[in-house]
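Please read these notes with the model open beside you.

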Amino acid sequence: MNELQELSPTLAAIEKVNVFTVPEGYFEYLEADVLMRIEKENGLTGHAEKDVPAGYFDGLATSILAKIKAKESEEENKVEETGILSPQLSAIQHTQTFEVPAGYFDTLADSILARIKTADAEDAATEIRVLSPMLYSIQNENVFRIPAGYFEGLSETVLNKVKPAAKVVTMKSRTATFFKYAVAAVFTGVMALGVFKFTGNSTKNELPDYVKIGMNDIKDVDQELAKISEADIIKYLEANDTDVKAAIVANSVDKNELPTEEDYLFDEKALDKYLNSINIDELKN
Amino acid sequence: MQFRDPATKERSFTLILKKYQEKLYWHIRRLVVSHEDANDVLQNMFIKVWNALENFREDSQLYTWLYRIATNESLTFLEKEKKRSSVSLSDVESGLSNKLESDKHFDANKLEWKLQAAIQKLPEKQRVVFNLRYYEEMPYEKMSEVLETSEGALKASYHHAVKKIEDFILNS
């Protein structure tokens, strides 16, 4: 004051009065307002000053570090716990027993992607074309060979194995040949008898020319008979009281398959049973 | 009904045989490799079909039923070969590889022969899955009925088999 009096008596004489004004209650809420701005600028949700305990932020870092250390300690304690309960289990705790094929994880992503791509491919051709164009290109190549005519004979081979007792007797060429000669014999026999009866002669040289011509024609009977169906031959033989069954049995069946003498002794119906088994009636029809 | 009536059973059986013989033969052949073995297995298979025909439930599909029998007969044959030889499975697989290589038309440089060699390296069931899908183009749904395995498992097995075969061919 003495200094101001000496410097300027005029200024020293002015009464010290604050001419500036502030809003009502400004200083009372100033601290809370400042803290709120700080929280907003730092991205914290707005909490009223009264929700945060005093000294909260001061101790926050320390608190978090302490929790981290506690968690680590807990894990270690678990291991320690296992070791206490069972040293054997603790020793193998991280040992993997299941094996995974070599390169499994290396190709897993590709496999999954391939499956995703082929998920909509319902047909096998599209699927293999996506999975492997190389394998797709050779899909129809067949390296394996089979004997000629294999499939043509397979059904008969299998049928013979499943039904050996019910073997159907087929009219094989030698049976057909027998029938041809049986008919030829009947025919020529009738012709010869008829000729001799008519002429009264037994020597060919004395036969009339028309007979000689006829006998030459008989040599062509075989050719003519070849044109006749087997069914017609059977009907002809039956009409002439020829034992068709006996003819078939004699010519088309292996003798070893025939009933034996003992069979006949013990079973008077042995022949009938055998004939029924080779389906003669089926053959005739 | 036609399978139970003796009068029609043989005719029905013959029709079935003629219709499916080639497909089933090739399915078996690709598993057992040699024609002689395939012929034996195929005939045994059809004899079993004959014996079981009367009991076949006609509501289930003949196609899948036949393939199931053929597959089982083939795997049984391979199992018997394994026991007969009294060797490990890997040696049986080597035996099949040897049969392959002993084929007079075998050519190790040709891609299609390499494919067959690769197929023989697969485990038996995976070999079946691969053959049915790759050669027969059998839908997974049908394959599931034949092999009594889920479609998902079959698809995974097939995809894995394709990868293995491709790797074998490219590296051989």
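**Notes on the model**

1. Start at B:Ile28. Leaving aside residues up to four places away in sequence, B:Ile28 touches B:Ala38, B:Val41, B:Leu42, B:Ala70 and B:Ser74. Contact here means that the C-beta atoms of two residues, placed from the backbone, lie within 7 Å.

2. A word on the basis. This is a predicted model, where local features need pLDDT of at least 70 and side-chain atom pairs count only at pLDDT 80 or more, while totals for chains, interfaces and linings use all residues. Residues are numbered from 1 along each chain as its sequence is written, and chains are lettered from A and ligands numbered from 1 in the order in which they are written.

3. Confidence. The predictor gives the complex an ipTM of 0.85 and a pTM of 0.51. Mean pLDDT (the predictor's confidence in each residue, from 0 to 100) is 87 for chain B, and 91% of the residues score at least 70.

4. Overall make-up of chain B. It has eight helices and zero strands. Helices (H or I, at least four residues) and strands (E, at least two) are DSSP runs, numbered from the N terminus. Of the 172 residues of chain B, 30% count as buried. Buried means 20 or more other C-beta atoms within 10 Å of the residue's own; exposed means 12 or fewer, and partly exposed is in between, with C-beta atoms placed from the backbone. Take the contacts in chain B between residues at least 6 apart in sequence: 59% join residues at least 24 apart.

5. The core. The largest nonpolar core has 42 residues. Such a core is a set of buried Ala, Val, Leu, Ile, Met, Phe, Trp, Tyr and Cys residues joined through C-beta atoms within 7 Å. B:Ile28 returns here: with B:Leu42, B:Val129 and B:Met143, it has the most contacts inside the core. Two or more residues each come from α7 of chain A and from α1 (6-32), α2 (35-52), α3 (62-85), α5 (111-121), α6, α7 (140-147) and α8 of chain B.

6. Helix α6(B). Eight of the 11 residues of this helix (124-134) are buried. Among them are B:Val128, B:Val129, B:Phe130 and B:Arg133.

7. How do α6(B) and α8(B) cross? Their axes come within 9 Å and cross at roughly 90 degrees. The two helices are therefore roughly perpendicular; that class covers 65 to 115 degrees, with under 35 roughly parallel, over 145 roughly antiparallel and the rest oblique. Axes are lines fitted to C-alpha atoms, for helices over the stretch in contact, and angles run from 0 to 180 degrees between N-to-C directions. B:Gln126, B:Val129, B:Phe130 and B:Arg133 in α6(B) meet B:Leu154, B:Ser157, B:Tyr158 and B:Ala161 in α8(B).

8. Look closely at B:Tyr158, in helix α8 of chain B. B:Tyr158 counts as buried because 23 C-beta neighbours lie inside 10 Å. Beyond four places in sequence, B:Tyr158 touches B:Val129, B:Phe130 and B:Arg133. The C-alpha atoms of B:Tyr158 and B:Val128 are separated by 9.5 Å, although the residues are 30 apart along the chain.

9. The interface. In chain A, 27 residues are in contact with 26 residues of chain B. On the chain A side, α6 (104-117), α7 (124-131), α8 (133-137) and α9 (150-162) each supply at least two residues. The largest share, eight residues, comes from α9(A).
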